[in-house]
Amino acid sequence: MGMTLTEKILSHSSNSITVTPGDIIFSNVDKAMIHDVSGPGVIKVFKELEKKGYILEKLWDPDRVWISEDHFVPAADRISADNVIQLTRWAQKYGVKKHFKYGMGQYGICHTISHEEGLVLPGEVYVGGDSHTNTTGAIGAFSAGLGHTDIAYVLRHGKIWLKVPETMLFKVTGKKPDYIMAKDIILNIISDIGADGANYKAMQFSGSVIDGMEMEERFTLTNMTTEAGAKNGIIEPDKATVDYLRTRLGELNFNLVKGDPDAEFSEIFDYDCEKMEPSVAKPYSPENVVPVREVQGTEIDKAYIGSCTGAKLSDLRSAAKILEGKKVKVRTEVLPAAQSIYMKAIKEGLVTIFMESGAVIGPPTCGACCGAHMGVLGKDEICASTTNRNFPGRMGNVTSQTYLASPMVVAASAITGKLTDPRDL
Amino acid sequence: MMVLKGNVHKYNRPNIDTDVIIPGPYLKIHDHDELAKHAMEGLDTDFTNKVSKGDFLLVGHNFGCGSSREHAPIALSKTGIKAILSPSFARIFYRNSIDGGYLLPIEIEENILEKIDDKDEIEINLDANTIWNVTKKEYYSIKPFSKIISDIIEAGGLFNYKIP
Ligand code: SF4
């Protein structure tokens, strides 16, 4: 029996001829990431181990590790500032050169940086100290989030134990209407399988719609596999993947690992994209999905275009198309996901469109996505957001409410001040 | 024989997420005792006053879904919670609890959720894979840990575990 792409990558990384779902393996790791929340956690783990006589002499491979500053930059307060100082010293001590520092050129949300900089290649095993590490799997890699003890272990040993997941396949076909974005597709999938529908499993996407999808949209799909509990999200690499990486890394040859034709999937789901509606996930779960028109007219206090899910260049372009020549009716914030994307948005005139509409442009940061800082929600406030989670208190006060939607829906809602299907503008 | 004894704190709802267990603004904090003060703040602001050392949580399925923040099992364990009983756990929360050696995520059948009440006193026997409900005088079974999980628990966390 053949192997799925996830199984194939894990068989290579564990030096096994084959692996089967359920197998416990010790996998070699190709790349690892920490940020300003998981990084200090990792440092703390090593400090505690030091007290027990275990000294970390050197990392397994500092060139395979990178650091993002994203959750609490610009420093939200003194503790956040100290965390970054601590992380910087640690990186210098252990020779981690890929440190994407706030205020020093390229930096941004860790998952965006990972693909924007071409840090992970098809076929690799990549782990990050953040749950949305799944995002990078759209490049055709095994990409999964871990806690800081596990990441500390990887930084020391270059390997980690994993249970080989079953793979669920989502085939998306049909003619994709202009107003449907990857966000609508993944929200509909999560709605069908539930917030734990893919717990411990791999979610793979295929079909003509995925084939025709630009890379940035693909990252939206894999990003939100986390919201269905998935271990990893993955898409087989193709010409779009290679073109995307070559733009960033030059004329390299990539090892385009694919699944076997006779691979076995635990479940196969078919979606006809033509039948999909622009959708929102209502509070307080990403599985709580309805067509926008069902809640059309719900008044909002704020529109938020940000995060690793919804502030890539393609997201900003889609939002700008809707906001062009219009004025926003509610507080609207746009936070590009990385410095490089911010710069492209300026050059393309998107930032002018946003500012003329009345929106505020913030620096790349996780910001209010996790309720950290930069425009968190107050008591009972309602927000239309391009982010990925709407748990109680996620973006601020526990009584606030977040509706998750595509950049087009959020932009349309910003103009009317109410949840709005872009077709009804 | 490994037997844990304590009282149950029951929150019978599914999908209790990490933002509820330890809200985002506290992620910058890495002092474990400080984190404990805010455990479950998004659900029950009185939580930390109710819990005594060695107690258990009884919760609905998919407990700990959401972020990879290890702050979640850390904060709960530092309040005194020794084990969590649930029909299922989100994968990163489960791993973090075991690999960090903080507390035990124990899987139970969905119907046991109805049989145990808030404040019941129970004894968990990890060798026999049973729960003895002292208050109700009833036995229930728990799902045994897989081999690697029980080995890591025995080692006291991933860093002490030797790859076979
Ligand atoms: S933008 Fe939001 S979801 Fe993405 S890494 Fe930051 S906090 Fe997490």
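Buried means under 20% relative accessible area, exposed means over 50%, and partly exposed lies in between, with a 1.4 Å probe and protein chains only.

This is a predicted model, where local features need pLDDT of at least 70, side-chain atom pairs count only at pLDDT 80 or more, and totals for chains, interfaces and linings use all residues. Residues are numbered from 1 along each chain as its sequence is written, chains are lettered from A and ligands numbered from 1 in the order in which they are written, and side-chain values use heavy atoms, with hydrogens and water left out.

**Exercise 1. Aromatic pairs**

Find the aromatic pairs over all chains, and describe the pairs B:Tyr11 with B:Phe47 and B:Phe89 with B:Phe93.

Solution. 
- Start with the rule: rings of Phe, Tyr and Trp (its six-membered ring) pair if their centres lie within 6.5 Å; planes under 30 degrees apart count as stacked, over 60 as edge-to-face and the rest as tilted.
- A search of the whole structure then gives 16 aromatic pairs.
- For B:Tyr11 and B:Phe47, the ring centres are 6.0 Å apart and the planes stand at 55 degrees, so this pair is tilted.
- Helices (H or I, at least four residues) and strands (E, at least two) are DSSP runs, numbered from the N terminus.
- Both B:Tyr11 and B:Phe47 are buried.
- Turn to B:Phe89 and B:Phe93: with 6.4 Å from centre to centre and 5 degrees between the planes, this pair is stacked. Both of these residues are buried.
- Finally, look for a cluster: ring pairs link A:Phe46, A:Tyr54, A:Tyr153 and B:Phe159.

**Exercise 2. The ligand and its cavity**

Which residues surround the ligand, and what classes do they fall into?

Solution. 
- Use the distance rule: a residue is near a molecule if one of its heavy atoms lies within 4 Å of it.
- The ligand is then surrounded by A:His71, A:Ile109, A:His111, A:Asp130, A:His132, A:Ser307, A:Cys308, A:Cys366, A:Cys369, A:Cys370, A:Asn388 and A:Arg394.
- Sort by class: Ala, Val, Leu, Ile, Met, Phe, Trp, Tyr, Cys and Pro count as nonpolar, Asp, Glu, Lys and Arg as charged, and the others, Gly among them, as polar. The shell around the ligand has 5 nonpolar, 5 polar and 2 charged residues.
- Now check the space: the ligand takes up the largest cavity. On a 1 Å grid over the protein atoms alone, a cavity is a set of points where a 1.4 Å probe fits but cannot get out, and a pocket is an open set with protein on both sides within 12 Å along at least five of seven lines; lining residues have an atom within 4 Å of a point. A molecule sits in such a space if more than half of its atoms lie within 2 Å of its grid points.

**Exercise 3. The largest pocket**

How much space lies in the largest pocket, and which residues are closest to its centre?

Solution. 
- Take the volume: about 600 Å³ of space lies in the largest pocket. Grid points are joined across faces, edges and corners, and a volume is the space filled by probe spheres set on the points.
- Of the 26 residues that line the largest pocket, A:Lys52, B:His32, B:Gly100, B:Gly101 and B:Tyr102 are the closest to its centre.
- At least two lining residues each come from helix 2 (38-51) and helix 5 (148-157) of chain A and helix 4 (71-79) of chain B. Helix 2 of chain A gives the most, with 5 residues.
- By class, the lining has 7 nonpolar, 12 polar and 7 charged residues.

**Exercise 4. Backbone and burial**

Solution. 
- A:Val73 and A:Pro74 are joined by a cis peptide bond with omega about -15 degrees; A:Pro74 is in the loop between strand 3 (65-68) and helix 3 (78-94) of chain A.
- A:Pro283 and A:Tyr284 are also joined by a cis bond, with omega about 0 degrees; A:Tyr284 lies in the loop between strand 12 (279-281) and strand 13 (289-291) of chain A.
- To finish with burial, 9 of the 9 residues of helix 8 (residues 215-223) of chain A are buried, so this helix is largely enclosed by the rest of the structure.
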